[in-house]
Amino acid sequence: MLDDVYNRRILSLAANIPRLGRLEQPDGVAEAHARLCGSWVKVMLRVADGRVADFAHEVRACALGQASSSIMARGVIGADLEELRQLRDAMFAMLDQGAPPPGGKWAECALLEPVRAYRNRHASTMLTFEATLSAMRQALEKQDQERGARQPAP
C-alpha cells in the first residue's frame, strides 16, 4: 500500500535533508534525473585519501528522492568508491530483485524497501546513489590526472 511508502519516517527524512547547498571547488560533480517524475539531484563532493571528505547536494525531488538523499548525506562522509558502488548495487537489488536492504551504517535504507512494489518510483529513489557514485568516480579520475600531470617526464 502507498501509505507504507510515504510513512512518517520517510516524510521526516524528506523534510530534514542535511548538507543542502553547494561546495566551492568540488573534486566531483554529478547529476541524476528521473524522467518520469522530473526529480533530479546534483551532488558535489571533495575527496581526500580516496574517501569522501566533504559533500553537498541540491535536491529537487519527490519525497522518496528527498528521503534517499537525506540518508546519503547522513552517511557519506568517509565512504570510498567501493562502499558507494556496493551501496548503489544493494539498493538496486533491493528495489528491483527483492534482495535485502543494505546493512551497517546504511541500515536506514531499509525504510525505502516498500518502494519495491512501485516500479515507477524506483528511479527517483535511486537518484542520490547514482549521482554520488558518479561524482566519486569523477573526483578520483581528476585526482589521478592531476597526479600524472605533476610527475616529471622521464
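Predicted model: local features only at pLDDT ≥ 70, side-chain atom pairs only at ≥ 80, totals over all residues.

**The core and its surroundings**

Mentor: Just after helix 4, G98 adopts a positive phi of about 75 degrees.

The fold as a whole comes first. The protein has five helices and three strands, arranged along the sequence as α-α-β-β-β-α-α-α. For 154 residues, a compact globule would have a radius of gyration near 15 Å, and the value of 16 Å found for the protein agrees with this. Along the principal axes, the C-alpha atoms fill a box of roughly 65 × 30 × 25 Å. Buried residues account for 44% of the 154 residues. Of the contacts with a separation of 6 or more, 62% join residues 24 or more positions apart. The protein exposes about 8000 Å², of which carbon and sulfur atoms supply 49%.

In soluble globular proteins, nonpolar side chains tend to be buried together. The largest nonpolar core of this protein holds 40 residues, and L45, F55, M72, L84, M91 and L112 touch the most other members. Helix 5 gives the most, with nine residues.

Not counting residues up to four places away in sequence, F55 touches R19, L23, V43, M44, L45, M72, A73, V76, I77 and T132. Two of these partners, L45 and M72, are themselves among the core residues that touch the most other members.

The 17 residues of helix 4 (residues 81-97) should span 24 Å at 1.5 Å a residue, and its end C-alpha atoms lie 23 Å apart, which agrees. Its buried residues are E83, L84, L87, R88, M91, A93, M94 and L95. An α-helix has 3.6 residues a turn, so residues three or four places apart point the same way. L84 and M91, both buried in helix 4, also belong to the group with the most contacts to other core members.

S68 is found in helix 3 and counts as buried because its relative accessible area is 0%, under the 20% limit. The side chain of S68 reaches the backbone oxygen of T125 at 2.9 Å. Leaving aside its neighbours within four places in sequence, S68 is in contact with L112, S124, T125, T128 and F129. Of these, L112 is one of the core residues that touch the most other members.

R19, a contact of F55, is placed in the loop between helix 2 (8-15) and strand 1 (28-33). Its phi is near 65 degrees, a positive value in a residue other than glycine. R19 counts as partly exposed because its relative accessibility is 35%. D49 lies in the loop between strand 2 (40-48) and strand 3 (51-60). D49 also has a positive phi, near 55 degrees, and is likewise a residue other than glycine. With a relative accessibility of 79%, D49 counts as exposed.

Definitions and conventions. Residues numbered from 1 in each chain as written. Heavy atoms only, no water. Helix = DSSP H or I, 4+ residues; strand = E, 2+ residues; numbered from the N terminus. Buried < 20%, exposed > 50% of the residue type's maximum accessible area, 1.4 Å probe, protein only. Expected span 1.5 Å × (residues − 1). Core = buried A, V, L, I, M, F, W, Y, C linked by side-chain atoms within 4.5 Å. Contact = heavy atoms within 4.5 Å. Polar contact = N/O pair within 3.5 Å; in protein donor to acceptor, adjacent residues only side chain to side chain. Rg over C-alpha atoms; globule rule 2.2 N^0.38 Å. Areas by Shrake-Rupley, 256 points an atom, 1.4 Å probe, with all protein chains shown as cover.
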